[in-house]
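Subject: Structure handover

Dear colleague,

I am passing on the structure below, together with some notes on what was found in it. Please read them with the structure open beside you.

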Amino acid sequence: MLHLLGVGGANVVFTSDDSPDHVLRFRRDKQIPSSQDVYAFMTAAVYPRLRAAGIDPRSLVDPQIRLISRELLDEAQKLSPVPLMDTKEALLLENCQYYGVSCRIKTLGSSSVGYTDSGIVFISFKPKWLAHSPNAPLEAVHCRTCALNRMRGRPILYCPLRLLSHPREELERFLAHYDLPEKWVQKAAQRFSAAMQSAHVLDALVQVQTDCDPFGILDQKTEMNEKFQVAMATRDCTLYGLIKGDNCVIKLADFDPKDPREKAKFWKNTENNLITGNWYS
Ligand SMILES: [Zn+2]
């Protein structure tokens, strides 16, 4: 039996009684890449580049293509508030969000922090753009992510550039926005930053982001090719952490290919607005 877990822009996610440690991800019914396309993009375009950049492969969520019956699709469609893609495949992924544990959760934007009374802490957030946009002015003070949050009037919970240079301090600043008990903030930041560093998560992400997008969306040389898609996917992936005692498990997930035909104009407009509105300075 399926249970609805969440609805995103491209996916609808379920848990299943058969496999509580996993989530089953269906694609929404739009002109978007199929589950098979997402699987191929993750395993053939994104993961090899991250591995070559030195990431610990154990920190990458292991995707599997699951063949689904018409009955299962019908069951999912009944539970889903939006139409699902008519397909025979869904993506089976590890359940990273809270690993099926019930806990107190606070969500701000696309970031969540949860904890249990016994001191287990869950963290999920998007590391976003870990280097300056190649199109940002040379004198840019704010990074791409902070500039965008400023333009949209959203709170800046963490700065990706500072996360890379001062991970522990920036995680403490990030966690202070949540209702996590004070005594756990320092410990969680220390464990999580140590796990990120030993698995080379941010180092590998920033290397792939810069290697795959050296010129930026405004440059004529940036073609809407696979490398650019990889750069954009690594700027929108999610990092999950589970801290339990001295142990911290981290996982990177959500490397979905964006359709450049649909997104290119939006990305170009965003970059132009950031520059002309002086949001970088
Ligand atoms: Zn920043």
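How far apart do the C-alpha centres of domain 1 and domain 2 lie? They lie 21 Å apart, where domain 1 covers 2-94 and domain 2 covers 104-276, with bounds that come from an automatic or database domain assignment.

This is a predicted model, in which local features need pLDDT of at least 70 and side-chain atom pairs count only at pLDDT 80 or more, while totals for chains, interfaces and linings use all residues. Residues are numbered from 1 along each chain as its sequence is written.

The contact between the domains (C-beta atoms, placed from the backbone, within 7 Å) takes 20 residues from domain 1 and 19 residues from domain 2. On the side of domain 1 that touches domain 2, the elements giving two or more residues are α1 (35-52) and β5 (89-94), named as DSSP runs numbered from the N terminus (helices H or I, at least four residues; strands E, at least two). Of these, α1 gives the most, with eight residues.

The contact is made by L205, V208, Q209 and C212 of α7 together with K227, F228, V230, A231 and T234 of α8.

Lastly, just after α9, N278 takes a positive phi of about 60 degrees.

Best regards

How values were computed:
Two residues are in contact if their C-beta atoms, placed from the backbone, lie within 7 Å.
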